[in-house]
Amino acid sequence: MNAQLKTVLLTILTLSLFVIALVELSGVSETALFNKYNIGSGPGNGLSYKQSQSREDMIANMPKTSIQFYETKYNFGTLKEGDVVKHAFKFKNTGTAPLLIAKTDVTCGCTVPTFSKEPIPPGGEGEIMVQYNSSHHPGHQQKNVLVHSNAQQEAMSIGFEAEVTPK
């Protein structure tokens, strides 16, 4: 072989090995070392793609802490049917371990809670934003959100009420 062909083949081989190393180190591949042996922090939650351990299972193994909501019930008052309203239920981690919200359960699709997926340090504060869509819900409404976490009381209820006047 001539020298030019050898240089081209060596360059292709080197680039191929470089790409394989990048894929392995990034954890993009399902069989990458980071995923296969759960090395490093993985895709943001400390878990490999193959494990796919649920957030609830992860929280069950965490140390218990305590949570204190500043209010557990809120009254939106009178709304017109079709109004979309929001309220932030603020809380504090009053324990000695980080607090992690696992999930929220709602009683109706008209209620959408959102919360941070990041741990709240001891003494730190967080909030659960609850959005309510009053469309097709005339009359007196009472909705609850069940909050699951690694607190001593694993499930706590927060909620709201509203008087929805028809259009």
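# Reading the calls in a predicted model

The chain holds 3 helices and 8 strands. The model is predicted.

User: In what order do the elements of the chain run from the N terminus on?

Analyst: The order is α-α-α-β-β-β-β-β-β-β-β.

User: Which strands form the open sheet with mixed pairing?

Analyst: Four do, in the order S2-S8-S7-S4. Strand S2 (73–80) and strand S4 (101–106) each have a single partner strand, so they stand at the edges and one side of each is left without a neighbour in the sheet. Neighbouring strands here are turned by 20° against each other on average, direction ignored.

User: What makes strand S7 and strand S8 a pair?

Analyst: Pairing takes at least two bridges. Strand S7 (residues 139–149) and strand S8 (residues 155–165) are joined by 10 bridges, so they pair. The two run antiparallel. Lys143 has Phe160 in S8 as its bridge partner.

User: What is the strand order in the open sheet with antiparallel pairing?

Analyst: That sheet of 4 strands has the order S1-S3-S6-S5. S1 and strand S5 (111–115) each have a single partner strand, so these two are its edges, with one side of each left without a neighbour in the sheet. Its neighbouring strands are turned by 25° against each other on average, direction ignored.

User: How do you know that S5 and strand S6 pair?

Analyst: Count the bridges. S5 and strand S6 (residues 125–133) share 5 bridges in the antiparallel sense. The rule asks for at least two, so the pairing stands. Thr111 has Tyr132 in S6 as its bridge partner.

User: Why is the pair of Tyr74 and Phe76 called edge-to-face?

Analyst: Two tests apply. The ring centres are 5.0 Å apart, and the limit is within 6.5 Å, so the rings pair. The planes stand at 80°, and over 60 degrees counts as edge-to-face, so that is the class. The count of aromatic pairs comes to 4. Ring pairs link Tyr74, Phe76, Tyr132 and Phe160 into a cluster.

User: What makes Lys117 a charge over the ring of Phe115?

Analyst: Lys117 lies over the face of Phe115 at 4.0 Å from the ring centre.

User: Why does Thr65 count as buried?

Analyst: Its relative accessibility is 3%. The cut-off is under 20%, so Thr65 is buried. Thr65 sits in the loop between helix H3 (55–60) and strand S1 (67–69).

User: Which residues does Thr65 touch, not counting those up to four places away in sequence?

Analyst: Among them are Asn93, Gly95, Thr96, Asn150 and Gln152. Thr65 and Thr94 are 29 residues apart in sequence, yet 7.3 Å apart in space, C-alpha to C-alpha.

User: What share of the chain is buried?

Analyst: Buried residues make up 32% of the 167 residues. The chain exposes about 10300 Å², and carbon and sulfur atoms supply 57% of that area.

User: What share of the contacts with a separation of 6 or more comes from residues 24 or more positions apart?

Analyst: Such residues account for 61% of those contacts in the chain.

Conventions:
Residues are numbered from 1 along each chain as its sequence is written. This is a predicted model: local features need pLDDT of at least 70, side-chain atom pairs count only at pLDDT 80 or more; totals for chains, interfaces and linings use all residues. Side-chain values use heavy atoms; hydrogens and water are left out. Axes are lines fitted to C-alpha atoms, for helices over the stretch in contact, and angles run from 0 to 180 degrees between N-to-C directions. Rings of Phe, Tyr and Trp (its six-membered ring) pair if their centres lie within 6.5 Å; planes under 30 degrees apart count as stacked, over 60 as edge-to-face and the rest as tilted. A charge sits over a ring if NZ of Lys or CZ of Arg is within 6 Å of the ring centre and within 35 degrees of the ring normal. Buried means under 20% relative accessible area, exposed over 50%, partly exposed in between (1.4 Å probe, protein chains only). Contact means heavy atoms within 4.5 Å. Accessible areas come from the Shrake-Rupley method with a 1.4 Å probe; for residues, only the protein chains shown count as cover.
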